[in-house]
There are 2 protein chains.
Amino acid sequence: MESRCEHCIVRQFNSLRAMTKDELKKVSDAKIYKKVKKGEALFEEGQKLDGVYCVREGVSKLSKLSTNGKDQVVKLATKGAVMGQRSVIAGEHTNLSAIAVNDMEVCFVPKENILDALQKNPDFAVEVLRHMAHDLKEADDVIVNMSQKTVKQRVAEAFLYLRNNFGEDHEGYLLLTLSREDIANVVGTATESCIRIISEFKKKGYLSTSGKKIKISDEKGLVELVQGF
Amino acid sequence: MESRCEHCIVRQFNSLRAMTKDELKKVSDAKIYKKVKKGEALFEEGQKLDGVYCVREGVSKLSKLSTNGKDQVVKLATKGAVMGQRSVIAGEHTNLSAIAVNDMEVCFVPKENILDALQKNPDFAVEVLRHMAHDLKEADDVIVNMSQKTVKQRVAEAFLYLRNNFGEDHEGYLLLTLSREDIANVVGTATESCIRIISEFKKKGYLSTSGKKIKISDEKGLVELVQGF
DNA sequence: TTAAGAATATGATAATTATCAGTTTTTACC
DNA sequence: GGTAAAAACTGATAATTATCATATTCTTAA
């Protein structure tokens with residue numbers, strides 16, 4: 001299903017909302033709609049990107065391979081996120097791989113459209129800057145968490161993050177289901193350690209599960225753990 | 001000692017080089033030259049900044065207090081760096097504290113000058129974007145290192161970083177001397193652990209010291225350790 | 001110059017986390 | 001529906017890292 005960017009709701013969540021009608025028309029004419037299946041890569045670390053991807057549906061993990069052979073998930077991108085922006089602006093190869101966590105719909109926007117608008121539309125440039133500034137702050141927070149919190153605290157935080165950013169269904173189960181391995185790669189720990197901690201959380205009543213689905217059953221408990229009680 | 005931004009060499013290293021003569025003149029007229037003594041704060045986490053700081057001389061650590069009461073150094077800013085940019089652009093309180101690691105000279109530039117130029121000069125906006133994109137990439141790398149490398153590897157990396165970014169004197173001693181505690185806060189570990197690892201590196205011949213000064217005496221050894229041999 | 005305080009260093013020990021090996025459960029596909 | 005493969009789980013153990021206690025060295029200021 002294709003449609004015009006001008007009417008795309010997703011745009012409201014990202015920097016493209018600062019584009020003029022004319023710029024948006026050009027983007028809409030040039031964009032390429034794409035479906036990406038769960039597990040497929042949108043792009044891989046080290047690749048040169050010819051444009052950015054605007055996420056209409058689904059979730060992608062942005063990860064980087066460490067020298068020890070493990071993947072570290074740096075960020076999860078969902079509806080409204082623009083991926084590849086950093087690399088297109090810097091004119092560098094991407095530092096991250098983007099892999100679909102579930103089935104996705106994205107629009108590929110050629111970099112010329114973005115770079116042109118940056119040069120001609122200060123509002124757009126400032127809007128992109130604001131988003132990047134926000135990302136940078138979040139990255140700083142992640143650095144502090146990674147270095148100063150225990151694995152247990154980070155796992156707890158990950159679940160709170162998943163709930164706050166991707167929501168839960170009417171029964172309270174997290175809408176975004178990640179594999180234990182993916183969670184471990186977000187948290188930066190071994191898969192077994194992650195599993196063990198999840199088991200522990202279940203025993204303590206912080207989490208409960210039903211098949212693959214996970215529910216936060218004691219938010220307060222998790223929050224206190226994160227804060228160090 | 002004050003002087004005009006137009007003739008300031010430091011500017012060549014940061015986004016201010018993309019300013020027009022006129023913009024630069026305004027900045028130069030408005031800027032406030034400041035000396036900051038070792039250990040003093042330029043600004044503290046949570047503060048609202050009215051402008052940015054351009055570093056002319058000296059080094060500042062940008063750090064964030066963790067909930068466990070420890071400081072995590074997220075970045076070291078030296079000659080040419082612009083501090084506070086992220087927070088001024090996002091219009092948010094700073095997420096980091098800036099503390100002088102040695103005596104510094106900085107110029108404070110009111111935010112109006114920056115925000116005006118962003119709106120009126122696309123070249124400047126794009127240049128700032130490029131810098132921020134670069135910072136973001138570096139932050140991603142730090143996240144991966146923090147989560148996937150051992151403390152020992154991170155300490156080794158820290159010394160290579162200090163040499164590559166701040167240089168060494170004619171005898172090979174690192175020009176930037178950090179306390180063991182500061183190094184620990186960069187690496188994200190306990191001070192004692194950091195000291196122990198430095199002792200071990202000395203025994204293995206990777207490092208040697210003379211009073212407070214530290215010299216990398218076996219770069220290859222350090223590099224191999226970082227890569228996991 | 002010397003005494004106090006800070007920084008550096010080391011030892012002993014506990015806590016955390018990773019690794020390896022193996023089992024059970026779930027999923028996907030013929 | 002049955003089966004092979006993948007994912008989730010558990011136990012035992014080793015490795016890493018933090019913590020606490022204390023000693024030593026270096027700085028600084030009266």
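# Two chains and DNA strand C

Sugar or phosphate supplies 55% of the atoms of DNA strand C that lie within 4 Å of the protein, and bases supply the rest. This is a predicted model.

**Where chain B meets chain A**

- On chain B, 41 residues are in contact with 41 residues of chain A.
- About 3900 Å² is buried between chain B and chain A. Carbon and sulfur atoms give 66% of that area.

**Polar and charged links between the chains**

- The interface of chain B and chain A holds four salt bridges.
- Lys64(A) and Asp141(B) join their side chains in a salt bridge, at 3.5 Å from N to O.
- Between chain B and chain A, 14 residue pairs are in polar contact, counting pairs with both residues at pLDDT 80 or more.

**What builds the chain B side**

- Four elements of chain B each give two or more residues to the side that touches chain A: strand S5 (71-77), helix H2 (85-90), helix H3 (111-120) and helix H4 (122-148).
- H4(B) gives the largest share of that side, with 22 residues.
- By class, the side of chain B that touches chain A has 19 nonpolar, 10 polar and 12 charged residues.

**Around DNA strand C**

- DNA strand C is surrounded by 16 residues.
- The closest come from both chains: Thr189(A), Ser193(A) and Arg196(A), with Arg180(B) and Arg196(B).
- The surface near DNA strand C divides into three nonpolar, five polar and eight charged residues.

**Individual approaches to DNA strand C**

- Arg196(B) reaches a base: one of its polar side-chain atoms lies 2.8 Å from a base oxygen of DNA strand C.
- Val151(A) has a backbone N or O atom 2.9 Å from a phosphate oxygen of DNA strand C.
- Lys202(B) places a polar side-chain atom 3.5 Å from a phosphate oxygen of DNA strand C.
- Two helices give two or more residues to the surface near DNA strand C: helix H7 (191-204) of chain A and helix H7 (191-203) of chain B.
- H7(B) contributes the largest share of that surface, five residues.

Definitions and conventions: Residues numbered from 1 in each chain as written. Chains lettered and ligands numbered in written order. Predicted model: local features only at pLDDT ≥ 70, side-chain atom pairs only at ≥ 80, totals over all residues. Heavy atoms only, no water. Contact = heavy atoms within 4.5 Å. Buried area = accessible area lost by both parts, 1.4 Å probe. Polar contact = N/O pair within 3.5 Å; in protein donor to acceptor, adjacent residues only side chain to side chain. Nonpolar A, V, L, I, M, F, W, Y, C, P; charged D, E, K, R; others polar. Near = heavy atom within 4 Å.
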